[in-house]
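Please look over the sequence and the model below. The text that follows walks through selected contacts, one region at a time.

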Amino acid sequence: MKSIRQIRIDGHLVGMVGLDEALQELAGSLRGQPRDTIEQVLLDRLATDNYIPSSARKAYKKALYREWQRFVGGTGGG
């Protein structure tokens, strides 16, 4: 079963299914990639298990990139 973790998106806590697993799975392939690539890959990956409103995609990308930076220690590239 995938984990659920809450992250802050536009000031609201949102539960994300599979975020931790996605970060672990994608760590090697995304390291050193440009920010926009990392944001899009994370968004696409997490959209399979989470509802992401089209109007909030930009905010989700920003929040997911922030979580990526925390995961890789602030050296996510881009």
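Asp20 is partly exposed, with a relative accessible area of 27%. In this predicted model, Asp20 forms a salt bridge with Arg5, and the closest N and O atoms are 2.8 Å apart. Asp20 belongs to helix α1 and Arg5 to strand β1, so the pair ties together parts that are 15 residues apart in sequence. Arg5 is partly exposed as well, its relative accessible area being 26%.

In the whole structure, six salt bridges are found. One of them joins Lys2 to Asp49, with 2.4 Å between the closest N and O atoms. Lys2 sits in the segment before β1 and Asp49 in the loop between α2 and α3, so this pair ties together parts that are 47 residues apart in sequence. Lys2 is partly exposed at 37% relative accessible area, and Asp49 is partly exposed at 33%.

Another salt bridge is formed by the side chains of Glu25 and Arg45, at 2.7 Å from N to O. It links distant parts of the chain, since Glu25 is in helix α1 and Arg45 in helix α2, 20 residues apart. Leaving aside neighbours within four places in sequence, Arg45 is in contact with Lys2, Ala22, Glu25 and Leu26.

Asn50 is buried, with a relative accessible area of 10%. Beyond residues up to four places away in sequence, Asn50 touches Gly15, Met16 and Val17. With Val17 there is a polar approach: a polar atom of the Asn50 side chain lies 2.7 Å from the backbone nitrogen of Val17.

Val17 is in strand β2, which covers residues 12–17. At 24% relative accessibility, Val17 counts as partly exposed. Its contacts, not counting residues up to four places away in sequence, are Lys2, Ser3, Ile4, Leu46, Asp49 and Asn50.

Which residues of the largest nonpolar core touch the most other members? Of its 22 residues, they are Met16, Leu42, Tyr60, Leu64 and Trp68. The elements that give two or more residues to this core are β1 (4–9), β2, α1 (19–30), α2 and α3. With seven residues, α3 gives the most. Leu64 shows how the parts meet: apart from neighbours within four places in sequence, Leu64 is in contact with Ile7, Met16, Leu19, Leu42, Leu43 and Leu46.

Helix α3 has 16 residues and reaches 22 Å from its first C-alpha to its last, close to the 22 Å expected at 1.5 Å a residue. Its buried residues are Ala59, Tyr60, Ala63, Leu64, Tyr65, Glu67, Trp68 and Val72. An α-helix has 3.6 residues a turn, so residues three or four places apart point the same way. The buried residues of α3 pack against β1, β2, α1 and α2. After α3 comes Gly73, whose phi is positive, near 80 degrees.

Conventions. Residues numbered from 1 in each chain as written. Predicted model: local features only at pLDDT ≥ 70, side-chain atom pairs only at ≥ 80, totals over all residues. Heavy atoms only, no water. Helix = DSSP H or I, 4+ residues; strand = E, 2+ residues; numbered from the N terminus. Buried < 20%, exposed > 50% of the residue type's maximum accessible area, 1.4 Å probe, protein only. Contact = heavy atoms within 4.5 Å. Polar contact = N/O pair within 3.5 Å; in protein donor to acceptor, adjacent residues only side chain to side chain. Core = buried A, V, L, I, M, F, W, Y, C linked by side-chain atoms within 4.5 Å. Expected span 1.5 Å × (residues − 1). Salt bridge = Lys/Arg side-chain N within 4 Å of Asp/Glu carboxyl O.
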